[in-house]
Structure formats: C-alpha cells, structure tokens
There are 2 protein chains.
Amino acid sequence: MTAYAQQPPARVLGIDPGLTRCGLGVVEGVPGRPPKLVAVGVVRTDAAADIALRLLAIEQEIERWLDEHQPDTVAVERVFSQHNVRTVMGTAQAGAVAIVCAARRGLPVALHTPSEVKAAVTGNGRADKDQVTLMVSRLLRLTEAPRPADAADALALAICHLWRVPAIQARAAGAQRARVAGGTA
Amino acid sequence: MTAYAQQPPARVLGIDPGLTRCGLGVVEGVPGRPPKLVAVGVVRTDAAADIALRLLAIEQEIERWLDEHQPDTVAVERVFSQHNVRTVMGTAQAGAVAIVCAARRGLPVALHTPSEVKAAVTGNGRADKDQVTLMVSRLLRLTEAPRPADAADALALAICHLWRVPAIQARAAGAQRARVAGGTA
C-alpha cells in the first residue's frame with residue numbers, strides 16, 4: 001500500500017476546450033488506482049452562430065457542470081501554439097471561459113498539454129485518438145467508448161490530472177527531502 | 001443636418017484585449033459628430049502570475065467598468081490570425097473574457113479588425129500607432145494623449161463602432177431601398 005492510497009478521493013473536471021465541441025468529463029479517485037467515471041458529455045455550439053452566444057453557451061454549460069458535480073479541481077487542455085491558428089483561437093477562447101469559470105469559484109485550475117495527457121493514460125505522449133479513447137474506456141471500465149473524441153479527451157485530461165500531479169508533487173517532495181538530507185536546501 | 005443627428009447618443013465600451021495590458025475606453029456620441037470621452041484606462045496583469053488569476057483580474061475589472069459606465073454596446077478587437085501565435089493566444093483568451101462579460105448582460109458585442117479601426121479614425125487602414133493615438137486625441141479633444149497605446153486603441157475601437165456601424169447600416173438600408181424601388185427585392 002502506497003502513501004497515495006491514504007489520500008481522500010479527489011474529483012476532477014477535465015475540459016477539452018473548443019468552440020464547436022467542448023468536451024467535459026468528471027472522474028473521481030486517488031492516484032495510482034483506477035478512477036471512477038462520474039459524468040461525461042460535450043457542449044456543441046453552432047459554427048454559424050455569433051461568437052458571443054457561443055461563448056456564453058459554453059460558459060452556462062460549464063457553470064451547470066460545476067454546480068452539479070462539485071469538482072475539487074478543473075483540468076483544462078493547455079493550448080498548443082503548433083496547431084492551425086484558426087483552431088488555436090477557438091480553443092484559446094473556449095479555454096479562457098473554462099479557466100475563468102473555475103477561478104471565479106476559487107477552484108484550482110491545472111493546464112496539461114495533449115502529450116502529457118496521452119503519456120499519462122497510454123504511456124505514449126504521441127498516442128493517437130483511438131488509443132486514448134481505448135485506454136480511457138479500459139481505465140474507467142466503460143462498456144462503451146465515450147463519443148465524440150472530445151468527450152474521451154476530457155476524461156483523459158481529468159485522469160491525467162488525478163495521476164500526474166500527485167506524482168510530480170511526490171517527486172518534488174522527494175527531491176526536497178534529498179536536498180534537506182544533503183544539507184543543500 | 002443628417003438623419004444621424006436625430007439618434008440619441010450611444011455609449012460604447014471599446015476593449016483592446018491583452019493579458020499583460022488590456023485597454024478599456026468608453027466614448028459617447030452620435031455618428032458623424034465628434035464623440036465625447038467618458039473614461040479610459042488599462043488593466044495590467046503580471047506576466048509571471050497564474051493564467052487563471054490573470055483572466056480573473058481582467059474579468060473583474062471589465063465587470064467594474066460595465067457597472068460604472070453602463071455602455072449600450074461593447075466593441076472588442078477581432079483577433080487577427082496573421083499575428084504571432086503566442087500573442088494571438090493571450091489576445092484570444094482576454095478577448096473571450098471580454099465578450100462573455102458583455103454577453104452575460106445581454107449587451108450587443110461588435111468585433112472590429114485593427115484595420116477597420118485604423119481606417120475609421122485616421123482614414124488609413126494601415127496607419128501606425130502614433131497616428132491612431134493622435135487622431136483619437138484630436139477627435140476627443142484631449143489635451144494629453146492617452147497612454148499606453150492599448151488605452152488609445154480601446155478608444156479608437158469605441159469610436160470606430162460609433163461611426164462605422166451606423167454607416168454600414170445606412171448603406172445596407174440604402175441598398176435595400178434601391179432594391180425595393182427597382183422591384184428586385
């Protein structure tokens with residue numbers, strides 16, 4: 001039994017931001033153990049609609065999820081500058097709305113890059129969408145794969161956060177202990 | 001005297017979005033007449049701070065301006081995909097927060113490109129920052145130029161909206177009348 005298992009379970013809302021499809025997934029668990037699915041879904045907005053109405057619809061739906069599922073933390077995909085600029089803009093806009101919704105409630109917001117998320121759930125930072133969906137389904141013991149891919153990505157983000165952050169904290173604490181022991185802190 | 005002058009004065013909040021500096025400017029007036037300055041300022045956030053806290057600070061300041069100045073419309077700079085991708089991301093994030101603040105209150109949100117704004121206030125869509133600042137100062141009869149440039153840009157956006165949108169509407173109405181007169185409507 002690791003020290004991890006002594007922690008109370010944490011509930012994470014993962015958000016894969018996008019204007020046309022914004023994935024939302026809530027998981028609960030402790031690091032190092034299979035997480036539990038709480039909820040998964042996607043907010044869709046009409047590409048022909050006004051940007052103000054699209055962002056407002058995304059905000060309202062995220063607010064509804066925060067009210068209903070009361071997560072401890074929100075994990076949002078870190079926007080990646082390598083992508084197509086038009087896509088990046090929509091992702092940045094929807095992501096900003098998600099970040100502000102969480103910050104207004106005083107919830108911690110964590111950003112993870114797509115490769116961190118892929119590495120966390122599949123062991124490979126360059127895994128494809130199918131692999132991510134497959135591993136998310138396995139880890140959460142789902143009988144059906146979450147669709148669309150944005151929904152699976154949101155769950156992968158939440159699982160990544162649940163597992164990755166305590167691992168980073170444990171490594172940092174270990175390094176800190178080593179420094180203290182070595183007298184170089 | 002034009003038909004424009006019969007309209008009641010409109011109050012526009014212009015927002016030049018940015019994470020490090022977000023310009024805010026409120027002007028009031030009717031199309032075709034020199035506008036009046038109501039307020040101008042800039043929200044600054046620390047580049048070293050957490051993105052969630054930066055976006056939250058921008059949201060809180062925009063909310064304060066909306067409460068205090070009660071604009072009829074909010075004009076936001078349309079994010080330009082030609083720019084540096086890193087800058088575009090910050091602009092898109094801050095712009096999304098501005099758009100949602102207005103949309104939540106049911107205020108109309110207008111997006112204008114930098115070249116539309118420059119053309120509206122200087123007559124030249126490729127004018128430089130100094131020309132824009134100079135013309136904004138002249139049009140608003142300011143004894144001192146608004147600083148930083150983001151503050152002047154926010155005022156330019158608000159003036160552009162005040163002047164440009166009724167001109168577009170007037171042209172559209174004229175075209176509509178011409179079609180009706182020609183029996184092709």
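Where does B:Gln70 lie in chain B? B:Gln70 is found in the loop between helix H1 (51–69) and strand S4 (73–77) of chain B, where helices (H or I, at least four residues) and strands (E, at least two) are DSSP runs numbered from the N terminus. The structure is a predicted model, in which local features need pLDDT of at least 70 and side-chain atom pairs count only at pLDDT 80 or more, whereas totals for chains, interfaces and linings use all residues. Residues are numbered from 1 along each chain as its sequence is written, chains are lettered from A and ligands numbered from 1 in the order in which they are written, and side-chain values use heavy atoms, with hydrogens and water left out.

The secondary structure of chain A consists of 5 helices and 5 strands, and from the N terminus on these elements follow the order β-β-β-α-β-α-β-α-α-α. Of the 185 residues of chain A, 49% count as buried; here buried means under 20% relative accessible area, exposed over 50%, and partly exposed in between, with a 1.4 Å probe and protein chains only. Among the contacts in chain A with a separation of 6 or more, 64% are accounted for by residues 24 or more positions apart, a contact being heavy atoms within 4.5 Å.

Helix H2 (residues 85–104) of chain A has 20 residues and reaches 28 Å from its first C-alpha to its last, close to the 28 Å expected at 1.5 Å a residue, the expected span being 1.5 Å times one less than the number of residues. H2(A) is mostly covered, with 16 of its 20 residues buried, and is followed by A:Gly106, whose phi is positive, near 75 degrees. For H2(B), the end C-alpha atoms are 28 Å apart, which agrees with the 28 Å that its 20 residues should span at 1.5 Å a residue. Because 16 of its 20 residues are buried, H2(B) is largely enclosed by the rest of the structure, and just after H2(B) a positive phi of about 75 degrees is taken by B:Gly106.

Contacts between helices of the two chains were then examined. Two packed helices are described by the angle between their axes and the distance between the axes. The axes of helix H1 (residues 51–69) of chain A and helix H2 (residues 85–104) of chain B come within 9 Å and cross at roughly 85 degrees; axes are lines fitted to C-alpha atoms, for helices over the stretch in contact, and angles run from 0 to 180 degrees between N-to-C directions. H1(A) and H2(B) are therefore roughly perpendicular to each other, on a scale where angles under 35 degrees count as roughly parallel, over 145 as roughly antiparallel, 65 to 115 as roughly perpendicular and the rest as oblique. In this contact A:Ile51, A:Ala52, A:Leu55, A:Leu56 and A:Glu59 of H1(A) meet B:Ala96, B:Ile99, B:Val100, B:Ala103 and B:Arg104 of H2(B). The residues of the contact of H1(A) with H2(B) divide into 8 nonpolar, no polar and 2 charged, where Ala, Val, Leu, Ile, Met, Phe, Trp, Tyr, Cys and Pro count as nonpolar, Asp, Glu, Lys and Arg as charged, and the others, Gly among them, as polar.

The axes of H2(A) and H1(B) likewise come within 9 Å and cross at roughly 85 degrees, which makes H2(A) roughly perpendicular to H1(B). Here A:Ala96, A:Ile99, A:Val100, A:Ala103 and A:Arg104 in H2(A) meet B:Ile51, B:Ala52, B:Leu55, B:Leu56 and B:Glu59 in H1(B), and the residues of this contact comprise 8 nonpolar, no polar and 2 charged.

An unreviewed UniProt entry places the feature "binding site" at A:Glu77, with the caution that such annotations may be inferred rather than shown by experiment, that feature names are shortened and that positions are given in the numbering used here. A:Glu77 lies in strand S4 (residues 73–77) of chain A and counts as buried because its relative accessibility is 16%. Leaving aside its neighbours within four places in sequence, A:Glu77 is in contact with A:Ile15, A:Asp16, A:Pro17, A:His112, A:Pro114 and A:Leu157.

Backbone geometry was considered last. Most residues other than glycine have a negative phi, and most peptide bonds are trans. B:Gln70, although not a glycine, has a positive phi of about 45 degrees, and at 54% relative accessibility B:Gln70 counts as exposed. B:Arg141, also not a glycine, has a positive phi of about 50 degrees; B:Arg141 is placed in the loop between H4 and H5 of chain B and is exposed, with a relative accessible area of 58%. The peptide bond from A:Arg147 to A:Pro148 is cis, with omega near -5 degrees, and A:Pro148 is found in the loop between helix H4 (129–139) and helix H5 (149–182) of chain A. In chain B, a cis peptide bond with omega of about -5 degrees joins B:Arg147 and B:Pro148.
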